[in-house]
Structures are given as C-alpha cells and as structure tokens.
Amino acid sequence: MLRGATEYAPSTFEERGAAVAFTTPLLSQTRVRRGERSKLEVLIPSLSQGSGIYVVAWKAVPEMVTMTMHDRYLHELIVNEESCSPHEIRRATLKAARRGLAGPQAAQAARRALDEDEEQGTLTHYLLILAILKAVGLESPDMLKAGIGTEEGQRLTRQLMTRAADSLRLDATVLYARLAEIADVASPVGLARSPRPGRLLRCLSDLRTFKQGMEDWARAVPSDTSPVAVFCAEVAQHTIGIGEAVVTDFQRRIEAIGPLMRDWDSEMLRIREHATRLAWLLDGWSHITGAWDVAQGEDSRQQAVTINDLFRILPLLPKQESGRDLIGDARRMTSTQQRRSVQALEDWRTGAMDLEAIRRIEALKARAP
C-alpha cells in the first residue's frame with residue numbers, strides 16, 4: 001500500500017528506520033521500519049522537488065518496483081528477521097551478497113566482512129581476558145609466551161581465570177559468560193587498546209574523511225552544488241561529535257572492567273545502549289563515504305551529481321537524538337537547490353532499469369561492508 005508523499009520528521013532512530021543496501025537504484029539506501037501493527041514498511045524519498053517520502057508496505061514493494069534478483073532475495077530475508085535494526089539488516093545484506101547475486105566481487109567482500117567480524121570477536125575476547133587478569137593482578141608472561149590459541153596457553157588461561165573469578169567472588173563460568181557477552185557487544189566498536197578498530201570506529205574515521213572532502217570540494221569547485229556539499233559536511237560533523245562522545249564513554253566503561261563486574265547489570269545496560277546508539281547513529285554512512293571515495297576518480301561534474309545523490313539519502317538525525325533541526329535545514333536546502341530527477345534512478349512509470357546505476361551500486365558492494 002502506497003501512502004503517498006508525507007512530511008518526514010522522525011523522532012527516534014526506530015522511526016527513521018534502518019538503511020537497506022538494495023541494488024535497485026530507486027530503492028538504494030531506502031529505510032525499512034516497523035509501522036502499524038508491527039508490519040514492515042519502506043520509506044522511499046520523494047522523487048520530485050518535495051522533501052517528503054513515500055511510505056510503502058513491505059509486501060507491495062516487488063509489485064511496484066522492478067527489483068534485481070539480489071534485492072528480491074534480500075527482501076525475503078528481511079521479512080524473516082525478528083527486528084529491523086542496523087545489525088539485523090547488515091546480517092541479511094551480507095547473506096544475500098555472499099550468494100553472488102550482486103556479482104562475484106560483492107560475494108568476496110561479504111565473505112571477507114564476515115571473516116573479519118569473527119576475527120574481531122576473537123581478538124576482543126582475548127583482550128578482555130588480559131584486561132580482567134590485569135585488573136586482579138594475575139598477568140602471566142608464561143601465558144602470553146605460550147599464546148592463548150595453544151593447548152598450553154589455554155591450560156594456563158583456565159587456571160588464571162579460575163583464580164580471577166575467585167578474586168571477584170564469581171563462579172568461573174559466570175566470568176567467562178560475562179566476558180563473552182562484553183566481547184559480543186564491543187567487537188563491532190572495538191576496545192580502546194585494541195590494535196585494530198572495530199567496523200563502527202572505522203566508519204567514524206571514514207566519516208571524518210568524508211566531512212573534510214565535502215569542505216574541500218565546496219571550496220575548490222564553486223557551483224550550485226557547493227552549498228549542498230557544505231551541508232553534507234555539517235551533518236557529518238554533527239554526527240561525528242555525537243559519535244565520539246558515545247565512543248569515549250563506551251570504552252571508558254569497558255576499560256574499568258573491575259567496576260563493570262561489580263555493577264554488572266547497570267553498567268552492562270549502559271554499554272549495550274551505547275553500542276546500539278552508535279550503530280543507529282552511523283547507519284547508512286558507509287554507503288555514502290564509499291560512494292564519495294569512488295567519486296574521487298571522476299570529474300567535478302560527476303562529483304556534483306554524486307553529491308546531490310548523497311544529499312537525497314543523507315542520514316539526518318531524528319529529533320530526540322540531536323539538538324539541531326537537521327531535517328528542517330534539509331528542507332530549506334531542498335527548496336533552494338536543484339534536485340536530480342526520477343530519470344537518474346529509475347522511471348517510476350515504466351519500471352525501466354538504469355543498468356549503469358545498478359553497476360555503480362554493485363561496485364560499492366564490492367568494497368568491504
């Protein structure tokens with residue numbers, strides 16, 4: 001069911017919805033959320049000069065839009081998810097890409113991303129074990145020398161962790177379970193002392209580069225698109241500021257692992273809240289930073305086209321998450337700037353595919369998600 005173009009000013013991340021990496025140009029980076037009676041619906045940005053959105057029932061999307069095979073499969077996967085948070089949407093997206101439906105390079109990138117997720121989880125768990133042993137004064141050169149992946153290293157680790165649990169007045173199984181829980185929550189972000197940042201921290205770093213790139217482009221290429229680039233930079237900076245504050249408190253709480261174990265319920269609740277907020281905060285930005293990175297090899301005219309395309313899907317913060325009315329600012333920007341038309345994506349009336357646009361989107365999927 002199409003509910004027409006409506007004004008879009010979400011109050012929460014859940015109301016804004018999670019970005020979906022569809023390869024059909026019209027649907028690329030559209031957002032999915034649970035609407036009335038918990039039914040899924042898609043939010044499609046207005047294709048005219050307006051600032052509204054089309055609210056489309058999830059089941060109606062394949063009937064309204066000519067979708068790629070990848071997108072039809074991804075559409076089905078998302079229906080089966082219990083929720084539509086950035087984590088669940090990303091998991092479904094990687095599963096779809098891994099099947100090769102968006103091309104062999106995208107399949108390789110998806111497998112690589114899944115492998116990196118597993119490696120990051122293992123690294124985070126290992127660092128947390130070292131942190132808890134240090135916190136109770138049980139650092140062991142022998143364990144480090146043997147290596148936690150060896151049989152001898154694992155034996156020494158079990159001995160030390162049992163002693164650590166006694167020091168913390170916890171059962172050893174409880175201590176292991178808690179460290180595993182922290183690792184599961186923390187690995188997408190990364191620990192402060194980790195030699196390798198998690199994917200969300202990498203996304204935050206890419207966002208800083210994007211912000212600087214928008215500012216540089218606006219100065220170097222004065223044009224009608226320059227104000228759009230400046231606005232993109234402002235939204236990025238606003239997001240960065242909030243994200244950095246969230247990361248700082250998140251990592252501080254995990255670093256204080258002794259107090260974390262003592263006040264487990266309250267501290268772990270805050271850590272989960274921070275991780276969830278950061279995932280929502282950065283949702284949709286990896287596509288934007290990746291698209292701008294690709295555009296660096298193109299001329300200024302195509303870069304201007306890219307900037308206008310990215311403005312259409314800019315992850316504006318909901319009312320409750322920002323002290324600035326970014327949505328109102330975007331509407332004012334839209335009223336004074338020339339927006340690209342429906343033909344640049346897909347002809348809504350005929351359903352004719354823009355194969356070049358699909359190729360560009362699939363090329364982005366070939367980058368590590």
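Which residues does Ser28 touch, not counting residues up to four places away in sequence? The residues are Val20, Phe22, His287, Arg312, Ile313 and Ile361, where contact means heavy atoms within 4.5 Å.

## Basis of the report

This is a predicted model, in which local features need pLDDT of at least 70 and side-chain atom pairs count only at pLDDT 80 or more, whereas totals for chains, interfaces and linings use all residues. Residues are numbered from 1 along each chain as its sequence is written, and side-chain values use heavy atoms, with hydrogens and water left out.

Ser28 lies in the loop between strand 2 (18-19) and strand 3 (31-34). Helices (H or I, at least four residues) and strands (E, at least two) are DSSP runs, numbered from the N terminus. Ser28 is buried, its relative accessible area being 6%; buried means under 20% relative accessible area, exposed over 50%, and partly exposed in between (1.4 Å probe, protein chains only). Between Ser28 and Asp71 there are 9.7 Å in space, C-alpha to C-alpha, and 43 residues in sequence.

His75 belongs to helix 3 (residues 69-80) and counts as buried at 9% relative accessibility. Leaving aside neighbours within four places in sequence, His75 is in contact with Phe22, Trp58, Lys59, Val61, Pro62 and Met67.

## The nonpolar core

A nonpolar core is a set of buried Ala, Val, Leu, Ile, Met, Phe, Trp, Tyr and Cys residues joined through side-chain atoms within 4.5 Å. The largest such core has 94 residues, of which Leu175, Leu179, Ile182, Phe210, Met261, Trp285 and Leu314 touch the most other members. Helix 10 (residues 226-255) gives the most to this core, contributing 13 residues. In soluble globular proteins, nonpolar side chains tend to be buried together.

Apart from its neighbours within four places in sequence, Ile182 is in contact with Leu128, Ile254, Leu260, Met261, Trp264 and Met268.

## Salt bridges

The structure holds 14 salt bridges, each being a side-chain nitrogen of Lys or Arg within 4 Å of a carboxyl oxygen of Asp or Glu. One of them joins the side chains of Arg31 and Asp283 (2.8 Å, N to O). This pair links distant parts of the chain, with Arg31 in strand 3 and Asp283 in the loop between helix 12 and helix 13 (285-295), 252 residues apart. Arg31 is buried, with a relative accessible area of 9%, and Asp283 is buried as well, with 8%.

Asp117 and Arg90 also meet through their side chains in a salt bridge (2.8 Å, N to O). Asp117 lies in helix 5 (residues 104-135) and Arg90 in helix 4 (residues 86-98), so the pair ties together parts that are 27 residues apart in sequence. Asp117 counts as partly exposed at 29% relative accessibility, whereas Arg90 counts as buried at 17%. A further salt bridge is formed by Arg208 and Glu244, whose closest N and O atoms are 3.1 Å apart. Here Arg208 in helix 9 (residues 199-220) is linked to Glu244 in helix 10, 36 residues apart. Arg208 counts as partly exposed at 36% relative accessibility, and Glu244 counts as partly exposed at 33%.

## A network around Glu267

Salt bridges link Asp249, Arg252, Arg253 and Glu267 in a network. Glu267 is found in helix 12 (residues 264-282). A polar contact of 2.9 Å joins the side chains of Glu267 and Arg253; a polar contact is a pair of N or O atoms within 3.5 Å, and within protein one must be able to donate a hydrogen and the other to accept it, while residues adjacent in sequence count only if both atoms are side-chain atoms. Not counting residues up to four places away in sequence, Glu267 touches Arg253, Pro259 and Leu260.

## Aromatic rings

A search of the whole structure finds 4 aromatic pairs. Rings of Phe, Tyr and Trp (its six-membered ring) pair if their centres lie within 6.5 Å; planes under 30 degrees apart count as stacked, over 60 as edge-to-face and the rest as tilted. The rings of Phe13 and Trp280 have centres 6.0 Å apart and planes at 10 degrees, so this pair is stacked. Phe13 in helix 1 (residues 13-16) and Trp280 in helix 12 are 267 residues apart, and both Phe13 and Trp280 are buried.

Phe231 and Phe311 form an edge-to-face pair, at 5.8 Å centre to centre and 65 degrees between the planes. Phe231 lies in helix 10 and Phe311 in helix 14 (residues 300-312), so the pair ties together parts that are 80 residues apart in sequence.
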